[in-house]
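Hi,

Here's the structure I promised to pass on.

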Amino acid sequence: MPEQFEQVVLPHLDAAYNLARWLVRSPADAEDVVQEACLRALRFFDGFRGGDSRAWLLKIVRNTCYSWVKKNRPTEFTEFDETVHSSEVPEKDAEAKLVLHANSECVRKALEALPVRFREVLVLREVEELSYKEISDVTGVPMGTVMSSLSRARQRLREELRVAAGKGV
Amino acid sequence: MNCTLDRHLLEGYLDGELGFERTLEVEAHLASCRSCDSYVQGWKDVRGALQRSDLYHRAPANLEEKIRGLAPRENRGERFPWFHRWIWAGGGAAFATAALLIAFVLSRPQNSSAEPEVVTSHIRSLMANHLIDVISTDQHTVKPWFDGKIDFAPPVQDLAAEGYPLAGGRLDYLENRTVAVLVYHRALHPINLYVWPAADNGVSPVHKQTVQGYNVLSWKKNGFEFRAVSDLNTGELGDFARLIKP
């Protein structure tokens with residue numbers, strides 16, 4: 001059983017840590033959260049019926065991160081609710097005119113500035129390359145909501161990048 | 001500039017979530033609409049930056065050890081003492097027989113038993129830091145490296161221009177024989193391509209399978225068996241398979 005557990009979990013340790021690192025935004029906390037998540041994973045390992053082990057682990061890491069953020073930075077969620085309920089969608093043309101300064105440093109800062117749910121959906125889609133269905137499984141959010149969060153997350157990231165470009169960063 | 005195309009359609013396109021026909025529709029639209037095209041290109045630039053390795057936080061080296069330390073304490077300790085007693089009481093033989101039966105039943109519907117083995121091999125190559133024996137992005141270095149080590153010459157090509165740069169090669173053991181493994185990368189995803197001579201000259205189309213979250217593509221062409229294994233999505237792994245030409 002422990003060997004099996006290691007075979008399932010260890011190959012996805014980078015993905016687990018990367019997600020945690022983006023969600024809690026601190027190396028030491030990310031490490032704690034991943035350890036805590038792996039303890040949970042071990043506890044639930046009997047319930048793992050094979051299949052997508054990466055999604056299974058990421059789901060546990062994600063939930064552990066959320067517990068951590070709720071406890072340690074409760075304000076992060078209020079910020080998101082305001083954003084998600086605002087309904088304006090900017091013109092596509094206006095966005096298209098924008099020249100995006102997509103260098104790593106700008107993108108890193110812009111991504112870090114986003115609310116946690118937007119960071120999450122962008123990391124899962126763009127970095128881990130999960131499908132909408134897989135993101136829905138990991139986050140426990142319906143597919144339609146995944147699509148709209150992703151859309152808003154991209155919009156916000158573009159706005160952050162535009163602000164950064166305006167400042168000449 | 002008065003384009004009315006739904007932005008969600010462009011996002012579905014960017015995410016590879018549209019079906020074949022809608023993808024073609026969007027591509028036709030992009031060819032004629034500058035606004036949508038620059039939207040798509042703009043996001044592809046951002047995506048490129050998001051996928052660059054300096055934005056990826058790899059797990060610290062000691063974390064793996066800490067995780068390994070978790071399992072014995074939780075599992076081998078007093079949480080499951082009955083499990084060990086049962087094993088030592090002679091249940092081991094029964095357990096092994098049951099496991100063999102299950103493995104047999106599970107592996108029966110597949111036309112080849114190499115898939116799970118190839119995934120285990122893929123995982124081992126990532127865990128044991130033994131991904132590559134000959135590190136080179138040059139096909140003219142990698143191909144001769146196999147000379148004298150195996151009794152066949154695997155097809156080696158660099159696909160950097162197509163977005164799948166060659167990283168190197170190694171020897172591995174699969175289906176009771178030594179096989180050549182070519183290692184490619186797609187963004188942060190390593191791809192292990194296993195190659196060995198086929199039993200006959202038949203051709204099998206690409207067969208897709210997912211094992212433990214890894215995608216496995218198997219096909220047979222020009223006298224070689226191929227297995228491509230990666231955590232890369234099936235779409236891009238499929239594109240990769242189509243590029244391989246022996």
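Below is what I found, starting with how to read the numbers.

This is a predicted model, where local features need pLDDT of at least 70, side-chain atom pairs count only at pLDDT 80 or more, and totals for chains, interfaces and linings use all residues. Residues are numbered from 1 along each chain as its sequence is written, chains are lettered from A and ligands numbered from 1 in the order in which they are written, and side-chain values use heavy atoms, with hydrogens and water left out.

Let's begin with where the two chains meet.

Next, salt bridges (a side-chain nitrogen of Lys or Arg within 4 Å of a carboxyl oxygen of Asp or Glu). One to look up joins A:Arg154 and B:Glu11, N to O at 2.8 Å. Both A:Arg154 and B:Glu11 are buried (under 20% relative accessible area; exposed is over 50% and partly exposed in between, with a 1.4 Å probe and protein chains only). Inside chain B, B:Arg227 pairs with B:Glu225, with the closest N and O atoms 3.2 Å apart, and these two residues are buried as well. Shared partners also link salt bridges into one network of A:Arg125, A:Glu126, A:Arg154, B:Arg7, B:Glu11, B:Asp15 and B:Arg47.

B:Glu65 and B:Arg68 make another salt bridge, with closest N and O atoms 3.8 Å apart. B:Glu65 counts as exposed because its relative accessibility is 52%, while B:Arg68, at 23%, counts as partly exposed.

Finally, is A:Thr139 buried or exposed? It counts as buried, because its relative accessibility is 9%. The side chain of A:Thr139 reaches the backbone oxygen of A:Ile135 at 2.7 Å. Leaving aside neighbours within four places in sequence, A:Thr139 is in contact with A:Arg62, A:Glu120, A:Leu124 and A:Val146.

Cheers

Conventions: A polar contact is a pair of N or O atoms within 3.5 Å; within protein, one must be able to donate a hydrogen and the other to accept it, and residues adjacent in sequence count only if both atoms are side-chain atoms. Contact means heavy atoms within 4.5 Å.
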